[in-house]
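Me: I have a model open on my screen and would like to learn how to read it. Could we go through it feature by feature?

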Amino acid sequence: MEHLVAAGYSVIAPDLRGFGDSQAAPGPDQASGFDLLGDLIALLDHLGHGRVAVVGHDWGAEVGWTIVRLRPDRFGAIVSLSIPFTPRGDASLPQLLAANAPPDFYMLYFLQEGVAERELDSDPKAFLRRLFYTNWGGRPGTDVPIMRLGANGRLIDGLEEPPTSANLLTEQELDIYASSFARTGFRGALNTYRSLHRNWELLAGWADIAVDVPALYISGDRDIVLHFPGMKSMVEQMTSMLPQAAPPVILEGVGHFVQMERPGQVADLIASFLGRNHPCAGTSD
């Protein structure tokens, strides 16, 4: 953010519903990309911004692909970190996971209301420490994380405990995340997973509309998402599926949290992309 501000851009960093200091949606039906689209347009109106570029990682990227399709007049470019564009298929992601993923896969665990939050709420810091470490590209070895439950049915036991203090985050940074989730619990954040089927249903009316704004995809070669079945193929097809997509950028030795692992490099890539493709050329939006 500081890098982009120094380059002359205004930067807005909203908390999605149920994250940080935001209010959580009461249930998954209020946590879809459509709900978040309304939140973001209200925020832009409040701050006096007309048309902006959206930069999102993981859930932010998932929301980003929805909002640039639905409202390209307000969101005129996208930089997606980790999550590539995927066209709406004949089944939602939860339906595909139920049919094809191993039953101990973390996403299926997150889809069970009340189950994951009981575990994660019991010790947010321990869970987050292992989550960030397991998905860090600097973790020893060359394997990609699996993110499956441990033998006793708990996710934390399927994640790696850092052998030393080495981790993606400092202890002070980890405390910020842990204290936030200790205050709110994980239910609001988990609702984003549980909104996936509803979001797929709602997008039916826009299934034939292409994402026709400038788009850039950035990820790491050790990102778990990039190793989901069929995901590398989706990344390779982005330039043919999206009329204004730039060639994807895959950074070597980088895990899931690419913007944390290579902040300067990612900021440079974003600034370069926006310099060529910003929806509000000549302004600081």
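**Reading the sheet**

Reply: Gladly! Four strands make an open sheet in the order E1-E2-E3-E4, with parallel pairing. Strand E1 (52-57) and strand E4 (249-251) are at the edges with a single partner strand each, so one side of each has no neighbour in the sheet. From one strand to the next, the twist averages 15°. Keep in mind that this is a predicted model, in which local features need pLDDT of at least 70 and side-chain atom pairs count only at pLDDT 80 or more, while totals for chains, interfaces and linings use all residues. Residues are numbered from 1 along each chain as its sequence is written, and side-chain values use heavy atoms, with hydrogens and water left out.

Me: What counts as a strand, and what counts as a pair?

Reply: Strands of a sheet pair through backbone hydrogen bonds, either parallel or antiparallel. Helices (H or I, at least four residues) and strands (E, at least two) are DSSP runs, numbered from the N terminus; two strands pair if DSSP finds at least two bridges between them. Here, E1 and E2 are joined in the parallel sense over six bridges, and Ala53 stands opposite Ala77 in E2. Strand E3 (residues 215-220) runs parallel to E4, with three bridges between them. Ile218 has Val249 in E4 as its bridge partner.

Me: Which helix packs on the sheet?

Reply: Helix H13 (residues 263-277) does, touching E1, strand E2 (75-81), E3 and E4, where contact means heavy atoms within 4.5 Å. The direction of H13 makes about 155° with that of E2. For such angles, axes are lines fitted to C-alpha atoms, for helices over the stretch in contact, and the values run from 0 to 180 degrees between N-to-C directions.

Me: Is E2 enclosed or open to the outside?

Reply: Let's settle the words before the case. Buried means under 20% relative accessible area, exposed over 50%, and partly exposed in between (1.4 Å probe, protein chains only). In E2, seven of the seven residues are buried, so this strand is largely enclosed by the rest of the structure.

Me: Which residues have a positive phi without being a glycine?

Reply: Ser82 is one of them, with a phi of about 85°. Ser82 belongs to the loop between E2 and helix H4 (93-100) and is buried, at a relative accessible area of 0%. Met147, with a positive phi of about 60°, is not a glycine either. Its place is the loop between helix H7 (124-134) and helix H8 (171-184), and Met147 is buried at 6%.

Me: How should I read the salt bridges?

Reply: Side chains of opposite charge can pair when their charged atoms come close. A salt bridge here is a side-chain nitrogen of Lys or Arg within 4 Å of a carboxyl oxygen of Asp or Glu, and the structure holds 16. Arg187 lies in helix H9 (residues 187-194) and Glu113 in the loop between helix H5 (106-110) and helix H6 (115-122), so the pair ties together parts 74 residues apart in sequence.

Me: What other residues are in that network?

Reply: Glu113, Glu117, Arg187 and Arg194 are linked in a network of salt bridges. Glu117 and Arg194 have their closest N and O atoms 2.7 Å apart, and both residues are buried.
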